[in-house]
Amino acid sequence: MLWIIVIGFVAGILARLLSSAPNKPVGFLLTTALGIVGAFVATFIGQAVEWYRPDQGAGFIAATLGAVVVLFVWNRVAASRRLPM
């Protein structure tokens, strides 16, 4: 569990660095959640297109890419003013 949190945090930091959007989640918990959700998104997409077996999870690079996708969606929702800032 600790390993998932560490990988999620690092993937979240990399996603924040790769994103040029102004609305970025700030703080340890939101950055970690961003990375963990990104890993889940990457695992789901990877299993849907059969890149991963059902018992396999996404790696670090895929988790980072998933976090970038989650951050992009977050910024689109915030830019359309559906979420209060």
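View 1. Helix α2 is followed by Glu50, whose phi is positive, near 65 degrees; helices here are DSSP runs of H or I with at least four residues, strands being E runs of at least two, and both are numbered from the N terminus. The model is a predicted one, in which local features need pLDDT of at least 70 and side-chain atom pairs count only at pLDDT 80 or more, whereas totals for chains, interfaces and linings use all residues. Residues are numbered from 1 along each chain as its sequence is written, and side-chain values use heavy atoms, with hydrogens and water left out. With 21 residues, α2 reaches 30 Å from its first C-alpha to its last, close to the 30 Å expected at 1.5 Å a residue, the expected span being 1.5 Å times one less than the number of residues.

**View 2. Thr32 in helix α2.** Thr32 is found in α2, which covers residues 28-48, and it counts as buried because its relative accessibility is 6% (buried means under 20% relative accessible area, exposed over 50% and partly exposed in between, with a 1.4 Å probe and protein chains only). Not counting residues up to four places away in sequence, Thr32 touches Ile5, Gly8 and Phe9, contact meaning heavy atoms within 4.5 Å. The C-alpha atoms of Thr32 and Ile13 are separated by 8.1 Å, although these residues are 19 apart along the chain.

**View 3. Thr43 in helix α2.** Thr43 also lies in α2 and is buried, with a relative accessible area of 16%. A polar atom of the Thr43 side chain lies 2.8 Å from the backbone oxygen of Ala39. Once neighbours within four places in sequence are left aside, Thr43 is in contact with Tyr52, Gln56, Gly57 and Ala58.

**View 4. The largest nonpolar core.** Five residues, Ala15, Leu34, Ala67, Val70 and Leu71, make up the largest nonpolar core, a term for a set of buried Ala, Val, Leu, Ile, Met, Phe, Trp, Tyr and Cys residues joined through side-chain atoms within 4.5 Å. Helix α3 (residues 60-79) supplies the largest share of this core, three residues. Apart from neighbours within four places in sequence, Ala15 is in contact with Leu34, Thr64, Ala67, Val68 and Leu71.

Key: Polar contact = N/O pair within 3.5 Å; in protein donor to acceptor, adjacent residues only side chain to side chain.
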